[in-house]
Amino acid sequence: MRHNSGRGVAVTTTVAAAFALLASHASAQTATMAVGAPVTSLDPHYHQLSPNNAVADTIFERLVNTDERARMVPGLATEWRVVEPTVWEFKLRPNVRFHNGNAFTAEDVAFTLARLPNVPNSPSSFAAYSRPISRVEIVDPLTIRFHTPEPYPLLPLDMTNVRIIDKETAEHATTDDFNALRAAVGTGSYRAVVHRNGDRIEFERFNEYWGERAPFQRVNYRMITNDAARTAALLAGDVDLIDQVPTSDLANLRRNNNVRLSETVGLRLVFLGLDFLRPGNENSPFVTDNDGKPLGRNPLQDVRVRRALSMAIDRRAIVERIMEGAAVPANQFLPEGVFGYVANLAAASYDPDGAKRLLAEAGYPNGFRIQLNGPNDRYINDSRIIQAIGQMWTRIGVRTTVEAQPWATFVGRAGRQEYSAFLIGWGSNPDGSHPLRNILATVNRDRGWGSSNRGRYSNPQVDALLLQSLGEMDEAKREQQVIEGMRIAMTDVGVIPLHIQTNIWAVRRGFEFTARNDELTRAQDLRPAAR
Amino acid sequence: MTVYLVRRLIQALFVVLAMSVIVFVGVYAIGDPVEILISPDADQIERERAVRALGLDLPLWQQYLVFLTNAVQGDLGRSFVFNEPALKLILQRMPATLELAFGAMFLSIIIGLPLGLYAGLRPNSPASKTIMAGSILGFSLPTFWVGLMLIMVFAVQLGWLPSTGRGETCSVLGFVGLTSCSSGTQWSFLTLNGLSHMAMPALNLALFKISLVIRLTRAGVRETMLMDYVKFARAKGLSPSRVTFVHVFKNILIPVVTVVGLELGSTIAFSVVTESVFAWPGMGKLIIDSINVLDRPVIVAYLMIIVLLFITINLVVDLTYSMLDPRVRLESKA
Amino acid sequence: MSQAAIGGAATPAAPRKDKVETPFRRFVSEFAESKVAMFGLIVFSIIALIAILAPWIAPQNPYDLAQLDIMDGRMEPGTVGGAGFTYWLGTDDQGRDMLSGIMYGLRISLTVGAGSALIACLVGASLGLLAAYAGGRTDSAIMRLVDLQLSFPSILVALMILAFLGKGVMNVVIALVIVEWAYYARTVRGTALVERRREYIEAAQCLALPTHRIMFRHLLPNCLPPLIVIATMQVARAIALEATLSFLGLGVPITEPSLGLLIANGYEYMLSGKYWISFYPGIALLITIVSINLVGDQLRDVLNPRLKK
């Protein structure tokens, strides 16, 4: 039995405590984690997907890390600065070694960035993070400069998405080589020793790690996609941690003395998208009058109707009754404290009478009919939420039918603007420009804007502010522009925000997990509980 | 006989072709894999790159031709999701599903046959009535629900069995040495830990089959017992056990063999729910995950394998028929 | 039973011809011999009646979102809700009265189960008979179609139909028929292959009876016993399969839950002790299926020409 440094000495004073320690250390050599979403590859640049990123973050590291509140902190780079508006300089951490013993240098960083756009068959690549960079300059082995054609304030944020690999190992490596562990060589505190695709990964402590020593000799990382089975595995003691705790089990687990919950407000907003594609004098596909006949106009183009639909929703009831408290009602994309949070925005209040008045004002005193669509296998309680909203909308006279579909069929149709109103979610990067650019900006291929703007919202004021902010190197000014853009879009009800999900993990007694708002379940965040 | 086999083989080829066309069109109709796989903040340029990378920029018929050309050379394509050859992915998962399916078949026969035989021979005894009532439960309860109940009782409450997953595995060679459990095809029925992991999912998967075998056996026995030749055998003074096990048994085997054969295929093909409830890393879980993200190469390859499997099973069932029942002659079918 | 079927004197297990030629009344009295089966029939009739009368006897219309309130969600059995009546069996997460939900759910489940089993049986048995009787090319073509069908995971079939037709009860029935007909075809063909070698068929052929007459009036009745076994089980299986499809999010629309969808919805709450959401629909499903099978078992015995004592 191997004891951890100082802690053992302090506790030998009392016999009882020593026994407790003995017990916790006996189990502390190995930990088993169960995650709900399968990891599809160990290649950190193959597929942009949260489960993959979580595992990549265990084996590999980034120049700029993010802490559990998604704030940028030094990672493989110790500091970074703007040399001139179009040049960023990163100082690299000295004495860092890869799992194979190779030293980490600027060459590895340059190689990694060059690899991003060149991963064959990637269904969702990381190329977007190297595209703004026109030239990489290696100043010395521990200093690297990135040249951009235009001022680019988001470069450090981009670097929080890029995991650095070893040039020597990965020079000719394919995704297969990473999956077979031959190329899965990083600088992280654990290294992968077993990989069974879609079933489990096993990590072993990397003893030459530069930072804090990994708490467990070995970590089993299992994938249990069925929610109830995952909870059952925790209750049966087969696993020490589960993520994506089903909300239906929360009340029960909170009462259980052998289980602790670790939770934090996340960065994922669940919201309703509305049809902005059809102009005001055309029919929206799933809106009719009360007799089921075409309405002849698209009521969703009227901001009063949108506001009424938003006011009709009792967000607190949804959070309490449907989400069992595992969310916070939202009036915008990001939670408080994140870059770009709009402080002076009116709360999304529940006011069914006001909603009815607004509807009458807009010319719909008797409401209309609408269908609300949504996925049933994507977001927490997605199909339950749309039913609850169906109840609430029907009560203000907007008679609502509800249809839920698997994501596979839903997302394509939503992307083709086939729906009038639909539920969807968005996991933001910790920067207000991210949702602004992808959800609320006018779709623009050349700028790469509006990639997930499935309702086709468009507002020139918002676009102008976003454009300014993307070239603004002064962080304070940039934040003001982002905030103003978001405030305008939210006041205009470009989407109807519902709630921001709380990320919840459950551990068995004797363990501790640092809840992250980016939803990543990383092995290094699990530790034996401090006593 | 040879002519017969060759003809079946040619037919099989057509079935496989038809299958691949249906899947291509079907997956195309369901949705766009890129929409599902791509990061939501990917811009147009990245989307177009991904579409090209996955070969989805060509018209559907061209995509199909590319697939056919490669398939003839033994390449069924690479998974969109895992970027590994689809065939390799499936073969990796196959042992887990096979052992689960065979475990379930084994359970259904050793439990179902004797119970069915008993219920058929003594149709009016209370025990038989209980057996029949139990068998109704077996196929009326939804699999996912029973699965969770099993986990709750045997893993959470009693703690006798592990809740989910596939325990330690060994290759057949490893069994001899008991040490090299890391190479070769992995089977979990070779270790005690593996068996304990297998017990619940196998039983869950077997429940429906047990009921089926019980009912088929009972129905067969009741019918056969009234046949003239059985009466004659009895009248001749043969012992009841000889009548049961030689005369009756042989005759009820035909429907049982048909259905068990058929069910073996469907057990392998549809172990989806059990595998997902018990986090069993088999093909069923792979296919449902693949369907969810429209990973077409894996879906096509999987279905082709399953079709071949079914064709083989049906062939074997037909051959077994002709052996069990000389009245069915294969040649006569021409 | 047709005359000709036993007209082939060689039909091995029909010792008393007059028994097989029973009129409907004889059939009824034979059926009534089993008290258990009669009990099953009565229970099933009650269930069917509840299903038919649901809109008039249920305390709430569980399909009307305006009548539901999430503030009444997950209430224990016996609680009085906001609308003023007692939720005798509790409510689900949407505040849907479970009693009403079960009554309406029965309608959907019975429609789906019986409808799909009936259609699948008709289609499957006809094709199976044809395959066995015609043999040769027809047989091969049909059987390869069966191979093809049986190897398609029902989930994929359901997904495709969902993509083509959208969600709805009828579409679930269509999906189940497409999934199930092959079972009937395979089974009927297996039995018919044996039967068609029997002397009574040869006799019928010698009499130069038309093919369809031999197939449906001579061959089919003798293939009935296994067919009825499969059919009663398939009704149950169809209901259970529909539950599984709902569990996977591919079944009936979420606002019009069947028994299966109610169970699937409540399944998540099993671990947290809110048993009633899943338990009562489960009981209703069980009673329905058991009663169908009790009736089916007796039907099979009565209809089976070889089981006459």
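## A briefing on chains A, B and C

B:Ile22 is partly exposed, with 17 other C-beta atoms within 10 Å. The model shown here is predicted, so please read each point below as a description of that model.

**Around B:Ile22**

- B:Ile22 belongs to helix 1 of chain B, which covers residues 2–30.
- Why does B:Ile22 count as partly exposed rather than buried or exposed? Its 17 other C-beta atoms within 10 Å fall between the cut-offs, because a buried residue has 20 or more and an exposed one 12 or fewer.
- B:Phe139 is 117 residues away from B:Ile22 along the chain, and their C-alpha atoms are separated by 31 Å.

**Where chain A touches chain B**

- This contact draws on 44 residues of chain A and 48 residues of chain B.
- On the chain A side, the elements giving two or more residues are helix 7 (175–179), helix 8, helix 14 (407–415) and helix 15 (433–440).
- Helix 14 of chain A gives the most to that side, with six residues.
- By residue class, the chain A side facing chain B has 17 nonpolar, 21 polar and six charged residues.

**Where chain A touches chain C**

- Here 28 residues come from chain A and 23 residues from chain C.
- Two or more residues each are given to the chain A side by helix 8 (227–235), helix 9 (250–255), helix 11 (315–322), helix 13 (382–395) and strand 18 (399–405) of chain A.
- Which element of chain A gives the largest share of the side that touches chain C? That is helix 13 of chain A, with eight residues.
- The chain A side facing chain C divides into 10 nonpolar, 11 polar and seven charged residues.

**Paired strands in chain A**

- Strand 10 (residues 190–196) and strand 11 (residues 200–205) of chain A are antiparallel partners, joined over six bridges.
- Three residues lie between these strands in their hairpin, where A:Gly198 takes a positive phi near 70 degrees.
- Strand 11 of chain A also runs antiparallel to strand 12 (residues 218–223) of chain A, with five bridges joining them.
- A:Ile201 in strand 11 is the bridge partner of A:His195, and A:Ile201 is also partnered by A:Tyr221 in strand 12.

**Two loop residues with positive phi**

- A:Asn95 is not a glycine, yet it has a positive phi of about 60 degrees.
- A:Asn95 sits in the loop between strand 6 (87–92) and helix 4 (106–115) of chain A.
- Is A:Asn95 buried or exposed? A:Asn95 is exposed, with 9 other C-beta atoms within 10 Å.
- A:Gln244, likewise a residue other than glycine, has a positive phi near 45 degrees.
- The loop holding A:Gln244 runs between strand 13 (241–242) and helix 9 of chain A.
- A:Gln244 is buried, because 21 other C-beta atoms lie within 10 Å and the cut-off is 20 or more.

**A helix pair in chain C**

- Two packed helices are described by the angle between their axes and the distance between the axes.
- For helix 5 (residues 98–134) and helix 11 (residues 259–267) of chain C, the axes come within 7 Å and cross at roughly 125 degrees.
- These helices of chain C are therefore oblique to each other.
- From helix 5 of chain C, the residues C:Gly101, C:Ile102, C:Gly105, C:Leu106 and C:Ser109 meet C:Leu259, C:Gly260 and C:Leu262 of helix 11.
- This contact within chain C is made of four nonpolar, four polar and no charged residues.

Conventions: Residues numbered from 1 in each chain as written. Chains lettered and ligands numbered in written order. Predicted model: local features only at pLDDT ≥ 70, side-chain atom pairs only at ≥ 80, totals over all residues. Contact = placed C-beta atoms within 7 Å. Helix = DSSP H or I, 4+ residues; strand = E, 2+ residues; numbered from the N terminus. Nonpolar A, V, L, I, M, F, W, Y, C, P; charged D, E, K, R; others polar. Pairing = 2+ DSSP bridges. Axes fitted to C-alpha atoms, helices over the stretch in contact; angles between N-to-C directions. Parallel < 35°, antiparallel > 145°, perpendicular 65-115°, else oblique.
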